[in-house]
Structure formats: C-alpha cells, structure tokens
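Subject: Structure handover

Hi,

Here is the structure I promised to pass on to you. Please have a look at it first, and then read my notes below.

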Amino acid sequence: MPRTFEVSRTTTMTLRRIGHSVRILLGHPLPFAEEQSAISDQKLNRLTSRPLNSAFACPACGEAVTIVPHALRSGQNGRTYDLWSCLACTAVINATDLCAVGQPVTTVQSESAANFYRPTPEVIKALPNEVAQNRNLIQFLLEHCPDLGRSALLDFGAGRGCLAAAATEVFDLALASELDLTMLNEFLPHLPNNERIRLVSDPRMLPPLDAIAAFHVLEHLPDVKRVLGPVVAALQPGGALFFQVPLLRSDYLLNTHYTFFSEASARAACSRLGLDVVGVWYDQALDFLTCIARRPR
Ligand SMILES: [Zn+2]
C-alpha cells in the first residue's frame with residue numbers, strides 16, 4: 001500500500017511562496033492564477049499602451065533613431081504627458097505637444113509668454129527686486145568667465161527684461177529678444193538704464209555678442225540647434241552662452257516644455273552648437289540646471 005501524505009495548509013503556502021520566488025528569479029512575468037485574478041479588470045482598463053517608434057528627433061542632440069518610450073506621466077495640471085527618452089544624450093522629451101502642435105510653434109510659445117508675463121501693477125512694483133536678483137546671475141557669469149568682453153549681452157527670451165536691465169550695469173549694451181515684443185515694450189519704461197536696452201525680434205539682425213543669456217528658454221525649443229544656432233553665430237570668439245532649464249518633475253510638466261535636459265543632454269546641445277562647456281550647476285531646491293559654455297577662441 002502506498003503511503004499517503006496529508007499536506008498541511010502551511011506547507012502548501014510555503015511551497016507556493018518558494019515557487020513564486022523561483023518564478024521571480026527566472027524572470028517569469030506572470031503571477032499565479034490566484035494572484036492574476038486579484039488584478040481587477042478595472043485596474044487593467046486603466047493601463048494605456050502607445051507606439052514604439054518616435055516620429056521626431058531629439059531637440060537637444062538631434063538624434064532620431066535613439067528615441068525610446070520613457071513613461072506616461074501626469075502633470076500637476078491633471079494632463080497626461082507622453083514622455084520619451086533619448087538614449088544618445090539622456091534627454092527626456094515631451095512628445096504630447098512636440099508632435100501634436102496644431103499651429104505654428106511660435107504662436108503657441110508667444111501666447112504662453114504673454115500669459116506668464118502680464119504687466120500687472122504688482123509685477124511692475126516688484127521689478128526692482130527682480131532686477132537685483134538678476135544682478136546676481138550676471139555676477140555668477142563673470143565669476144566663471146572673468147575675461148569675458150563687456151560690449152553686448154543678449155537676453156534671449158527676455159520675459160520682463162530684468163536680466164537685460166541688470167546686464168546694463170556691466171555691459172555697454174543689453175539686447176532683449178522675444179517672439180512677440182508687445183509685453184517687453186510695456187515693461188521697458190519701468191526698467192532701470194532702459195536707454196541702454198535694445199529690443200530685438202529678428203535674431204539675424206544681431207551685432208557681435210559677448211554673451212547670450214537664455215533662462216528657461218531651451219526647454220521650449222523643438223530643435224535647439226535650429227533656433228539657437230543663428231543666435232550663437234553672433235557670439236564673438238570666447239563669447240558665452242549662459243542658460244538655465246528645469247529638470248523633470250511633475251509641476252514642470254507643461255504643454256510648452258518639450259525637453260527635460262540632463263547634464264549629458266545639456267553638454268550634447270552645447271557640443272552641437274560648437275561650444276565648449278565651462279560648467280554645469282544644479283539648484284537642488286528648485287530642480288534647475290544651469291550651464292555656461294563658450295565659443296572657442
Ligand atoms: Zn538626445
């Protein structure tokens with residue numbers, strides 16, 4: 001007579017746990033049937049799939065074949081963003097709007113800037129304080145490039161023009177550019193040293209530049225080289241590009257933020273523009289990346 005064994009419930013559970021561990025070790029993707037049933041249809045219905053091929057090039061490094069799916073992420077505005085990453089330079093790209101811009105990019109961006117930089121009385125009252133903060137940025141640039149020429153600085157994507165105003169204390173001339181100059185024209189009478197600030201809308205009409213400041217601009221560009229290339233061409237040998245961009249975090253997920261730079265992608269973008277990187281710095285409280293790069297002499 002064969003002996004029979006009564007397998008206790010505890011033993012069964014132990015064996016199941018061991019089996020489960022083995023399955024995990026072997027990289028088996030499916031849980032046990034019981035666990036599978038625990039995943040409700042409702043949960044599965046919330047999962048979204050997406051295509052595997054990108055239809056765009058990396059705005060930072062320009063590569064197209066290196067773009068792979070990264071994640072679907074929700075912004076603080078409740079919108080879902082389709083994010084891809086570039087294996088060549090590690091930039092994370094917001095494809096939702098990069099691929100689906102139904103109107104010219106310039107229109108989207110200048111409308112966005114107009115909403116952000118509305119000249120309310122409170123904002124005008126705060127301008128001197130904002131100029132003082134920008135004075136610190138100019139000093140930071142000069143600390144890291146003490147031999148920089150002092151003839152002309154361009155504030156590219158100047159917003160309210162406060163960095164340009166601060167630059168007039170060091171540079172002979174400060175140029176301020178925006179896609180739409182309406183807002184800058186409204187702020188100009190309220191800025192100090194405004195007789196030394198010149199507003200420009202066409203980057204092909206630039207004088208030789210010693211420095212270009214581009215604060216919170218590069219993340220808005222669908223192709224950094226195409227937009228910034230003609231502007232950087234105006235840099236004198238030894239001239240500096242000084243920029244800051246937001247890193248990837250949910251409150252920075254916005255319709256007009258196409259690229260989330262890493263240090264590697266910032267360096268790749270500079271290299272593509274023919275510039276040598278002086279340094280990359282992080283504001284860890286605000287999750288900003290700051291970079292200075294210079295045109296070789
Ligand atoms: Zn890239």
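A question to start with: which residue is the bridge partner of Gln244 in strand 11? It is Thr290. Please keep in mind that this is a predicted model.

That bridge belongs to the pairing of strand 8 (residues 235–246) with strand 11 (residues 288–294), which is antiparallel and runs over seven bridges. Another bridge links Pro246 with Phe288 in strand 11. Strand 11 also pairs with strand 10, again in the antiparallel sense and over seven bridges; there, Tyr282 has Leu289 as its bridge partner in strand 11. Strands 10 and 11 make a hairpin with four residues between them, and Asp287 in the turn has a positive phi of about 60°. Strand 11 is largely enclosed by the rest of the structure, because five of its seven residues are buried.

Seven strands form an open sheet in the order 6-5-4-7-8-11-10, and the pairing is mixed. Strand 6 (197–200) and strand 10 (276–283) are at the edges; each has a single partner strand, so one side of each is left without a neighbour in the sheet. From one strand to the next, the twist averages 15°. Helix 11 (residues 263–272) packs on the sheet, where it touches strand 10 and strand 11, and its direction makes about 30° with that of strand 11.

Elsewhere in the sheet, have a look at Asp155, which is found in strand 4 (residues 152–156). Is Asp155 buried or exposed? Asp155 is buried, because 29 other C-beta atoms lie within 10 Å, and the cut-off for buried is 20 or more. Leaving aside neighbours within four places in sequence, its contacts include Gly161, Leu163, Ala174 and Ala213. Leu175 is also in contact with Asp155: the two are 20 residues apart in sequence, and their C-alpha atoms are 6.0 Å apart.

Finally, the overall picture. The protein has 297 residues, of which 33% are buried, and its secondary structure comes to 11 helices and 11 strands. Of the contacts between residues at least 6 apart in sequence, 65% join residues at least 24 apart. The largest nonpolar core has 68 residues, and Ala60, Ala91, Ile93 and Ile212 have the most contacts inside it. Not counting residues up to four places away in sequence, Ile93 touches, among others, Cys58, Leu83, Trp84 and Tyr258.

Best wishes

Note on methods
Residues numbered from 1 in each chain as written. Predicted model: local features only at pLDDT ≥ 70, side-chain atom pairs only at ≥ 80, totals over all residues. Helix = DSSP H or I, 4+ residues; strand = E, 2+ residues; numbered from the N terminus. Buried ≥ 20, exposed ≤ 12 C-beta atoms within 10 Å, placed from the backbone. Contact = placed C-beta atoms within 7 Å. Core = buried A, V, L, I, M, F, W, Y, C linked by C-beta atoms within 7 Å. Pairing = 2+ DSSP bridges. Axes fitted to C-alpha atoms, helices over the stretch in contact; angles between N-to-C directions.
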